Amino acid sequence: MRWNDIHINAAAACMGRTVRTADAVADGRYDAEECERSGYRAVRVSDGAESAVDLAVTAGNRALERSGIASADFRLLLHASISHQGLDDFAPAPHVQGRTIRGNATAMEVRQASNGGMAALELAAAYLTVREAPDAVLLTTADRFVPPGWDRFRTAAGVLLGDAGTSIVLSRQPGVAKLLSSVSIGDTTYEGLQTGDARWTDVSGADGWPINSQDRVDAFVARHGADIFIELVQSLWRNETDGMERALADAGATTGDIATWVFPNMGEVLTDWDARKAFGVDLTRTTWAWGREQGHLGAGDQFATLAHLWETRQVRTGDLVFLNGAGTGFSFSSAVVEITGEPDWRSSTD
């Protein structure tokens, strides 16, 4: 989908403290071989008293202030997450709204696993397309992968889970970037990977903590045979490639036009960099050097990375930035953004 007059007005994040993976290996929290295979050097850990949703509120208010858009102009808030948000029987989106834009906007959740932020981006663009300026949308994500529910170092092989709240503001008013295109694809062929042979439970945590996603993956592969994993990887790459090609075409761009590539902060063992290079991705222009210091930030990798790019002056007016996302089940999203401003923002990701 090619978008017209859909703009990003701000981006921000609220990150946990930095924990070095070398320290986690030294004290036995993180397996040394897993650390080597995945390539992470650090991870963000929010181990204070705040809830996940509090991180979203902080990031949302930072983005709101940076945008310069009045709270009364916001008509929609979309909140995406994976982890527990702080309470059971709780609607986090209205909670974020009441502590950021307030007013009578509609607040909704987007539950699309790691692709939640990217899915929300496309939904917001579609919403704004049928609205009149100066309507705006606040997008937030928040995840904390803390005990007892999660063991960030062991829950899923190849992924180190980091804590962060993130936010962007989208509107039809010119801002710091223009959304040129986005594409979303769903493919449930291998959906069973996320359930394995786990039993259905009546309440969260009925099978004990922490969550062990890897057991489900292993059970799925054992049931279907080792070749299923090869088929799965090929399918994931076909869907990712399809989305990337379509997003580039809709933006009227080629791989050579992209100044910066933003992929999810997944470990190297789960990332086919050679295939991406063959597709035309300039590996030196990806944000993995930063991502490997943060961990996988749940639904918010892309928004946090955008904030970091502006805050560290790594993008310039006219640059094209490619955003890529994927979520278990599976869903895939790609988007092309054109940088239109170089704001003087202090770091919100330190």
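**Aromatic pairs and a buried helix**

Ring pairs link Trp261, Phe263, Trp273 and Phe322 into a cluster; here the rings of Phe, Tyr and Trp (its six-membered ring) pair if their centres lie within 6.5 Å, with planes under 30 degrees apart counted as stacked, over 60 as edge-to-face and the rest as tilted. The structure is a predicted model, in which local features need pLDDT of at least 70 and side-chain atom pairs count only at pLDDT 80 or more, while totals for chains, interfaces and linings use all residues. Residues are numbered from 1 along each chain as its sequence is written, and side-chain values use heavy atoms, with hydrogens and water left out.

The structure holds nine aromatic pairs. One of them joins Tyr40 and Trp288 edge-to-face, at 5.6 Å centre to centre and with 65 degrees between the planes. Tyr40 lies in the loop between helix H2 (32-38) and strand E3 (42-45), and Trp288 in helix H9 (residues 288-291), so this pair ties together parts that are 248 residues apart in sequence. Helices (H or I, at least four residues) and strands (E, at least two) are DSSP runs, numbered from the N terminus. Tyr40 is buried, at a relative accessible area of 2%, and Trp288 is buried too, at 9%; buried means under 20% relative accessible area, exposed over 50% and partly exposed in between (1.4 Å probe, protein chains only).

Phe263 and Trp273 also form an edge-to-face pair, with 6.1 Å centre to centre and 85 degrees between the planes. Phe263 sits in the loop between strand E9 (258-262) and helix H8 (273-279), and Trp273 in helix H8, ten residues apart. Phe263 has a relative accessible area of 4% and is buried, as is Trp273 with 17%. Arg276 lies over the faces of both rings: 3.8 Å from the ring centre of Phe263 and 5.2 Å from that of Trp273. A charge counts as sitting over a ring if NZ of Lys or CZ of Arg is within 6 Å of the ring centre and within 35 degrees of the ring normal.

Attention now turns to helix H5. Helix H5 (residues 116-129) has 14 residues and reaches 20 Å from its first C-alpha to its last, close to the 20 Å expected at 1.5 Å a residue, where the expected span is 1.5 Å times one less than the number of residues. Ten of the 14 residues of H5 are buried, so the helix is largely enclosed by the rest of the structure. Among the buried residues are Gly116, Met118, Leu121, Glu122 and Leu128.
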